[in-house]
Amino acid sequence: MDTFWFIAVALMITLYVLLDGFDLGAGTIHLFAAKNEQERRTILRAIGPVWDGNEVWLIAGGGTLFFAFPILYASSFSGFYLPLIIVLWLLIIRGLSIELRGHINDPLWASFWDGMFFIGSTLLAIFFGAALGNVVRGVPLDEDGYFFQPLWTDFSPFSEPSGILDWYTVLMGLLALTTLVVHGANYIAVKTENRLNARSRRISRFAWVALVVLTVLGTIATFWVSPWMLESFGARPYGYVLPLVAVAGLIGMIVFNVRERDREAFLASSAYIVGMLTSTVFAVYPRVLPAVNPENSLTITNAAASDYGQAVGLIWWSIGMVLAVVYFVVIYRLFRGKVRLEDEGY
Amino acid sequence: MEDALTVSRLQFAFTVTYHYLFPMLTMGLALLIFVLKSVYMRGRNDLYNRAARFWGKIFAVTFVFGVVTGIPLEFQFGTNWAAFSAFTGDIIAQTLAMEGAFAFFLESAFVGLFLFGERRFGQRLHWFSSLMVFLGTWASGYFIITTNAWMQNPVGYRVLENGNIELNDYWAVLLNPWMFAQYAHNMGGAVVCGAFVMAGLGAFYVLSGRHVEYGRIFLKVGVIAGALSSLWMLFPTGHFSSDQVAEHQPVALAAMEGHFQTDREADLVFIGQPDMEKMEIDNPIVLPGGLSILLYGPAGGEVKGLEGFPEKNWPDNIPLLYYSYHVMVGLGTFFIGIMFLAAFMLWRGWLYTFRPMLWVLMLAIPFPFIANTAGWLTAELGRQPWLAYGLMRTSEGVSPLVSSGNVLFTLIGFAGVYLIMGLLYIVLMVREVGHGPEGEHETLENTENLTA
């Protein structure tokens with residue numbers, strides 16, 4: 001049961017990254033992809049009906065994590081106090097920038113929110129990557145299962161105490177940002193036509209080069225900082241299929257980009273994200289929050305909710321997820337196709 | 001300000017109070033928008049459709065503010081109240097996670113559809129999405145109230161050998177007896193809020209001679225909904241709420257009522273200032289024996305005063321609790337008076353031309369926000385000094401390793417962000433109201449096509 005919930009939470013977070021990932025990426029690239037008001041609005045319209053729902057996966061994933069692993073929730077949220085609150089502020093700024101931009105038709109107003117949208121999206125992508133980096137590197141949990149990390153100390157992942165931001169976690173942040181730039185550019189390419197489409201493809205192509213470099217660097221750094229990450233693969237070799245999915249996605253992105261097949265390129269960047277995240281999660285299992293001192297690590301067993309709680313949760317969670325998937329399929333189908341501005345709502 | 005507990009309490013109180021200003025309006029408006037849209041669907045009077053669309057815009061902006069200020073609350077359980085989350089997570093995380101699974105997904109899907117889909121998908125689906133938005137926001141309210149009801153009145157758990165607790169009866173938590181009166185009372189408060197805002201804006205339009213035909217619709221719908229919901233707040237929901245406080249949290253009741261000494265003929269205090277040193281009410285205006293009669297009927301009965309309880313179980317801010325409760329009840333009484341008078345005038349056909357009444361309705365707009373806030377302050381201050389009543393004290397729930405300096409940093413940050421957001425909200429509202437329901441203004445590229 002604990003393993004089931006581990007997979008369930010991982011799945012929800014992966015879905016969050018896949019879905020909100022493209023609108024975060026869109027936020028980062030929109031200043032470069034869109035050259036005039038018309039194009040800006042097209043990009044916003046492409047994510048307008050869906051970004052809020054995408055973000056719900058973060059809330060729902062967080063909620064599921066809280067109920068399946070209450071100890072993990074308490075420990076990690078208080079331990080990552082400052083970065084989490086900063087993430088909240090960024091989510092607020094970004095949400096407002098998407099929704100409020102269109103309410104006043106003034107170039108200064110629009111430019112201001114465009115800037116906020118860019119800053120919010122970009123920093124969020126970096127913070128999310130850095131958060132994952134922290135999990136992989138391990139945190140200084142005490143024997144009660146709590147820790148508190150400063151934002152930074154001397155930027156080395158090996159010093160004690162280490163900060164939230166060190167060169168390793170920042171590298172992970174940049175990797176996440178680049179991933180979402182490619183992913184977002186692919187989505188915008190799917191949803192748009194003509195010049196906007198061409199520019200998105202070009203951004204995706206350039207960012208891909210950086211992504212390959214960062215993927216290689218990031219992988220090497222990960223095994224250097226946390227050599228134990230290889231253990232899971234040694235113990236359960238079938239896990240190797242996950243990084244292979246990521247590699248296939250990485251190759252697929254550029255192949256389909258060059259062939260101008262946007263939908264397939266978007267699927268390839270999705271595969272890359274799924275592959276990378278599941279590889280990480282697979283390697284971390286059965287830990288949920290690795291500690292610097294391995295004895296204090298939180299695992300699926302010592303952080304779990306009661307058996308009864310997890311069992312009743314299974315019933316409503318399954319119903320809720322089926323409903324959520326139905327909404328998503330319906331909404332994405334209703335708003336499918338290229339965005340054209342004459343379809344604007346109010 | 002020196003300890004993390006105080007600052008964390010301030011931060012949660014500030015962020016949750018600020019947040020709830022928005023949902024109390026959206027939950028109320030969601031119902032009224034559904035009513036407007038349904039009236040349109042029956043009679044095909046286009047005024048009602050435009051009215052629904054106009055309130056949809058107000059709803060949309062308010063909803064966004066509610067969403068972005070709501071996310072920090074779910075996070076803060078973990079960031080600032082880690083010990084509480086670890087202790088009660090097996091239970092309260094069920095209802096919080098269910099809110100995500102059942103309410104948020106539904107809301108996000110149908111709010112998008114409601115705002116973007118009218119022209120594309122037609123009137124029937126638009127009406128249906130207004131219904132689903134209403135149900136989604138009210139489901140959200142249910143899960144939050146259920147979570148709070150558990151903190152007020154913990155049920156469905158068992159205590160383990162190591163002193164921790166775990167869930168052992170899921171339905172007991174979902175159907176917590178405390179929840180029913182609280183939910184009914186809270187949602188009624190949201191309708192009061194929506195109704196006063198709608199009627200007040202209608203009064204403004206009629207008074208200023210702009211969009212008069214819409215102003216009259218807003219007045220009619222707002223006043224009818226306002227009269228019904230204001231009464232609903234007193235009876236049955238308010239009555240049962242105070243009964244269950246009297247039964248389960250007698251010390252909170254004594255503090256709310258400013259009742260210090262145990263008495264068989266306890267007075268009902270209308271006005272006065274609690275003096276915590278002398279343990280009495282200064283400048284009192286009371287109904288002699290009123291509290292006993294209110295709680296036990298004409299025969300009366302003994303009502304335990306604060307002195308009858310150990311001081312360590314007293315709510316830790318009794319004067320504020322007392323004022324919150326009295327502000328809520330006092331305003332609620334005025335609401336009933338205002339709305340019934342307005343409803344009578346509406347019935348007689350005087351309302352649209354009787355300017356003093358319109359002025360009252362217009363100026364009343366802020367007060368439901370104050371009353372709802374005071375109501376929540378009453379519930380939450382009355383729960384003190386407990387986080388989970390009788391199970392865990394507030395002082396035990398705070399995150400063990402987060403320092404007060406860090407919390408103060410984030411509290412100041414929230415204050416700054418929320419100040420700017422408040423200004424933005426006002427600017428946007430003033431603009432929307434200025435454009436009015438006919439607003440073919442520049443940002444709505446094709447409202448004109450929407451009527452098709």
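**Terms and their cut-offs in a predicted model**

Trainee: What makes strand 3 of chain B and strand 4 of chain B a hairpin, and which residue in the turn has a positive phi?

Mentor: The two strands form a hairpin with four residues between them, and in the turn Met279(B) has a positive phi of about 55°. Residues are numbered from 1 along each chain as its sequence is written, and chains are lettered from A and ligands numbered from 1 in the order in which they are written.

Trainee: How do you know that strand 3 of chain B is joined to strand 4 of chain B?

Mentor: Strands (E, at least two residues) and helices (H or I, at least four) are DSSP runs numbered from the N terminus, and two strands pair if DSSP finds at least two bridges between them. Six bridges join residues 268–275 to residues 280–287, which run antiparallel, so the two strands meet the definition of a pair. Asp275(B), for example, has Glu280(B) as its bridge partner.

Trainee: Why is helix 7 of chain A said to be largely enclosed by the rest of the structure?

Mentor: Buried means under 20% relative accessible area, exposed over 50% and partly exposed in between (1.4 Å probe, protein chains only); because 22 of the 25 residues of helix 7 of chain A are buried, this helix is largely enclosed.

Trainee: What makes Phe328(A) and Tyr332(A) a stacked aromatic pair?

Mentor: A search of the whole structure finds 66 aromatic pairs over all chains. Among them, Phe328(A) and Tyr332(A) lie 6.0 Å centre to centre with 20° between the planes. Rings of Phe, Tyr and Trp (its six-membered ring) pair if their centres lie within 6.5 Å, and planes under 30 degrees apart count as stacked, over 60 as edge-to-face and the rest as tilted, so these two rings are a stacked pair. Being four residues apart in helix 12 (residues 307–334) of chain A, they are separated by about one helical turn. Phe328(A) is buried, at 12%, whereas Tyr332(A) is partly exposed, at 24%.

Trainee: How do you know that Arg236(A) lies over the face of Phe282(A)?

Mentor: A charge sits over a ring if NZ of Lys or CZ of Arg is within 6 Å of the ring centre and within 35 degrees of the ring normal. Arg236(A) is at 4.9 Å from the ring centre of Phe282(A), and the charged end of Arg348(B) sits over the ring of Trp347(B), 5.2 Å from its centre.

Methods
This is a predicted model: local features need pLDDT of at least 70, side-chain atom pairs count only at pLDDT 80 or more; totals for chains, interfaces and linings use all residues. Side-chain values use heavy atoms; hydrogens and water are left out.
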